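Please look over the sequence and the 3D structure shown here. A short report on selected features comes after them.

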Amino acid sequence: MKVLIVGGGIAGCTCAAFLQMNGVAEITLIEKAPRFSTIGYLIGFWGAGRNIMKKLGVEHVLDEKGFEYSEDIVRDQHGRLMKIIKPDALKHHGPAVVIKREDLHRALYELLGGVDVRFGTRVMNIMRQADSVIVVMSDGREERYDLVIGADGIRSSIRELVFGPGFVKSYGWGAWMWWMPQNYRAPKNPTGYYGLGKICGIAPFYGVSASLAVATVPPETGRDPASRREKLLDLFAEFTPEARAIIESAPAGSELYYDDISEVEMHEWYRGRVVLIGDAQHAVSPVTGMGASIAMEDAFVLAEELGRTQSIEDALARFAARREPRVRHFRRLVDHADGWVMTGGVLGYLRNALLPYVPEWYFTNMVDRFLRQKI
């Protein structure tokens, strides 16, 4: 079987690694970046992602390079403590950690010794045949594959070429992310400040911390690097001095990352012999911190089904049947979390009034049920 994986991020590397383990003969992975590189900040890992890392034999990376935390601190925009959520209630699924995206990505990439990896390469066109897929590459090559896997993220070119446009929908939120200065005295545990339709927070890490601010804003609000920091400061002007200190630590220019937060919602997982995994099929907001874990689950399940049968069509049908209810459950979890975190107006005031009295198990039980679900 000849398989092409488009996208060399976490989903693509995980899929290639599992396909190798399951004995799929020829695997090609293409990545549009000119060389191995990684962008991003910290990734949260709960039991779902840890189980996949264990199957790959690289769980030790989480223990060696991950930062385990004991509490999530939630305050309102004025600094009033609203809730302390302790992941100890979920520790039977494995400790809750954050890890640098770079460390995770590198560990996965290093598993790909038997994969034909090509950097600086894009897919320009796809022609689906009854029993194969012809792919035209940006380097002029035209190649035939038994299966094409789109693991190329929320702005997937494979999705656009095969399934068409219109699947990316904006939340109406903008996100700013940055590394804190090394001399900044970060709290011992992740701390978030909840305003009305906006949040900011800090996640401590070894020697350096990452910060995130999300606000309900028009599209492209922070797209211009020249005014990016100024707009961030204006949006969070009413926050407590402790939160303002986090915001004011943001660098100027392109060192301050910005993006509009969007989702991908589609009912199809595959068409012919082209299949989507990860954010290409089901991108959601980053509030729960489980997106990478769910993408890695996709990769594992797809490789497992392809290793069970000679029929690619049967494998894809079983893959979709297994993943659809799981991802639907995940979306409900994300929507619920988003409703608490990003609500504004009168509902935002109501949330702030009620949150101190909502028992911790109300939040942890939902996550526990999800993590217990078989993949």
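The sections below cover a helix, some strands, the cysteines and the aromatic rings.

## The model

This is a predicted model. Keep that in mind as you read on.

## Helix H2 and Ile52

Start with helix H2, which spans residues 47–56. How many of its residues are buried? Seven of the 10 are, so H2 is largely enclosed by the rest of the structure. The buried residues are Gly47, Ala48, Gly49, Arg50, Ile52, Met53 and Leu56. After H2 comes Gly57, with a positive phi near 80°.

Now zoom in on Ile52, which is part of H2. Is Ile52 buried or exposed? Its relative accessibility is 0%, so Ile52 counts as buried. Which residues does Ile52 contact, leaving aside neighbours within four places in sequence? They are Thr14, Phe18, Met296, Glu297, Phe300 and Ile375. Take Glu297 from that list. Glu297 and Ile52 are 245 residues apart along the chain. Yet their C-alpha atoms are separated by 6.6 Å.

## Strand E16 and its partners

Next comes strand E16, residues 210–216. This strand is mostly covered, with five of its seven residues buried. E16 is joined to strand E13 (residues 168–179) by seven bridges. E13 and E16 run antiparallel.

Cys200 has Ala213 in E16 as its bridge partner. E15 and E16 form a hairpin with six residues between the strands. In that hairpin, Gly207 takes a positive phi near 75°.

## Cysteines

How many disulfides does the whole structure hold? A search finds zero. Cys15 shows the spacing: the nearest cysteine sulfur belongs to Cys13 and is 10 Å away. A disulfide needs the two sulfur atoms within 2.5 Å. Cys15 is therefore in no disulfide.

Are Cys15 and Cys200 buried or exposed? Cys15 has 0% relative accessibility, so Cys15 counts as buried. Cys200, the bridge partner of Ala213, has 2% relative accessibility and therefore counts as buried too.

## Aromatic rings

Turn to the rings. The structure holds 16 aromatic pairs. One of them joins Trp340 and Tyr362. Their ring centres are 6.1 Å apart and their planes meet at 70°, so the pair is edge-to-face. Where do the two residues sit? Trp340 lies in helix H10 (residues 312–341), and Tyr362 lies in helix H12 (residues 361–372). The pair therefore ties together parts that are 22 residues apart in sequence. Tyr362 has 29% relative accessibility, so Tyr362 counts as partly exposed.

Rings can also link up in a group. Phe36, Tyr109 and Phe119 are joined into a cluster by ring pairs.

## Charges over rings

Some charged ends sit over rings. Which ring lies under the charged end of Lys2? The ring is that of Tyr145, and the charged end is 5.1 Å from its centre. Arg326 has its charged end over the ring of Phe370. There the distance to the ring centre is 3.8 Å.

Conventions: Residues numbered from 1 in each chain as written. Predicted model: local features only at pLDDT ≥ 70, side-chain atom pairs only at ≥ 80, totals over all residues. Heavy atoms only, no water. Helix = DSSP H or I, 4+ residues; strand = E, 2+ residues; numbered from the N terminus. Buried < 20%, exposed > 50% of the residue type's maximum accessible area, 1.4 Å probe, protein only. Contact = heavy atoms within 4.5 Å. Pairing = 2+ DSSP bridges. Phe/Tyr/Trp six-rings, centres within 6.5 Å; stacked < 30°, edge-to-face > 60°. Lys NZ or Arg CZ within 6 Å of the ring centre and 35° of its normal.
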